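Here is a short report on one protein chain.

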Amino acid sequence: MKIKCEKNALCEASAVVSRAVSSHSSIPTLEGILLRCSAAGMELFGYDLDTGISTRIDAQISEPGEIVLPAKVFLDIAKRLDDEFITISTGEKCLTEIKGGKTEFTILGMPADDFPEFPTIGDVTDFELPQATLKSMIDQTIFAVSQSDAKPVHTGSLFELEEGSLSVVSVDGYRLAVRRERVAFGGELRFVVPGRALGEVSRVLDGESDDPAGMQISKKHIIFHIGDYQIFSRLLEGEFLDYHAAIPGGESLTVRINTRALIDAVERVSLLISDRIKSPLRVKFYEGGVDLSCSTALGRANDTISAAIEGKALEMGFNNRYLLDALRAAGCDEVLLQINSPLSPMKVVPTAGDSFVFLVLPVRLKTEG
């Protein structure tokens with residue numbers, strides 16, 4: 001194999017593809033990037049048996065072929081070569097020469113035959129969304145994906161297509177996030193995508209673009225097509241939470257509040273809270289305002305912000321980080337906080353429409369004094 005390609009294109013593609021490379025594996029080739037060169041150009045693959053990323057870049061192909069190169073070393077070399085173009089050639093026993101300008105490296109590659117192929121996914125359902133819409137839906141729900149393997153299906157987000165609507169749902173036992181969007185899809189479909197794969201999809205998506213992001217969904221796998229990139233993932237199996245039943249109906253207290261002001265107040269009061277020094281955040285809702293406070297071994301903190309409140313005053317406790325995650329994901333100037341009682345989940349919803357619902361479970365407070 002012998003090729004020549006633009007350094008910037010190679011570095012960008014390698015950086016994205018390498019995010020699907022396994023950092024530690026009993027299969028050495030899974031710690032590398034597969035380069036496959038033919039008359040059509042150069043393809044790059046990264047795969048850890050759960051998530052795979054591939055792309056194609058333009059290259060001058062003098063000799064077609066394929067090789068697996070250790071991902072981190074290859075990317076570090078490519079970034080530091082001081083030339084607009086990079087030449088890669090392989091010889092006997094997988095020795096690979098990488099040249100740029102007057103700099104030359106020779107590293108040991110691995111046989112491409114040892115690199116596992118992506119599974120064949122068979123019959124698929126095709127679906128498209130604008131890139132900006134898909135990115136928004138992922139970013140506004142991924143914070144609630146479970147980090148625990150206690151229920152593996154909750155380490156991913158549920159995609160639910162029905163009646164011309166797409167809902168993306170994440171839950172981790174302490175909070176729940178639902179993001180909805182009207183879509184042009186006539187059927188019904190449910191599947192759960194691992195959170196790690198969705199994180200990589202979000203990083204590739206252009207949040208300002210209306211260009212389509214395609215999805216091919218089979219019984220056990222999904223492929224996202226985003227520009228020149230393909231992101232492959234297995235789907236998670238299991239019974240996902242009945243989120244419709246988990247969302248409480250009705251409320252005894254509704255708070256209309258400036259999102260940024262509330263985030264800033266929570267962040268200020270949380271300065272006395274850390275992973276080592278934990279304490280619930282006390283939040284008092286009353287006519288005209290919201291009081292926030294906490295007490296830890298470091299001291300006490302209090303803050304007050306104004307808000308429009310309808311209903312009876314009450315006090316609740318929250319994990320500060322969980323509350324912040326929900327507020328930051330809202331992405332709008334104002335939100336409504338809807339509460340039934342001090343011990344029921346608080347809903348964070350938009351002031352108009354139903355594009356998202358975030359649930360944050362309260363923390364039981366000890367009586368002061």
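Helices (H or I, at least four residues) and strands (E, at least two) are DSSP runs, numbered from the N terminus. By that rule the protein has seven helices and 26 strands. The model is predicted: local features need pLDDT of at least 70, side-chain atom pairs count only at pLDDT 80 or more, and totals for chains, interfaces and linings use all residues. Residues are numbered from 1 along each chain as its sequence is written, and side-chain values use heavy atoms, with hydrogens and water left out.

**Whole chain**

| Property | Value |
|---|---|
| C-alpha box along the principal axes | roughly 75 × 50 × 35 Å |
| Buried share of the 369 residues | 51% |

Buried means under 20% relative accessible area (1.4 Å probe, protein chains only).

**Helix α6**

Which residues of α6 are buried? In this helix, residues 259–269, they are Thr 259, Leu 262, Ile 263, Ala 265, Val 266 and Val 269. They share one side of α6 because they cover an arc of only 165° around the axis. The arc is taken from the directions from the helix axis to the C-beta atoms. An α-helix has 3.6 residues a turn, so residues three or four places apart point the same way.

Their cover includes β18 (253–258), β19 (281–286), α7 (320–330) and β24 (334–339). At the N-terminal end, Asn 258 caps α6. One of its side-chain oxygens lies 3.1 Å from the backbone nitrogen of Arg 260.

Note on methods:
Buried < 20%, exposed > 50% of the residue type's maximum accessible area, 1.4 Å probe, protein only. Contact = heavy atoms within 4.5 Å. Polar contact = N/O pair within 3.5 Å; in protein donor to acceptor, adjacent residues only side chain to side chain.
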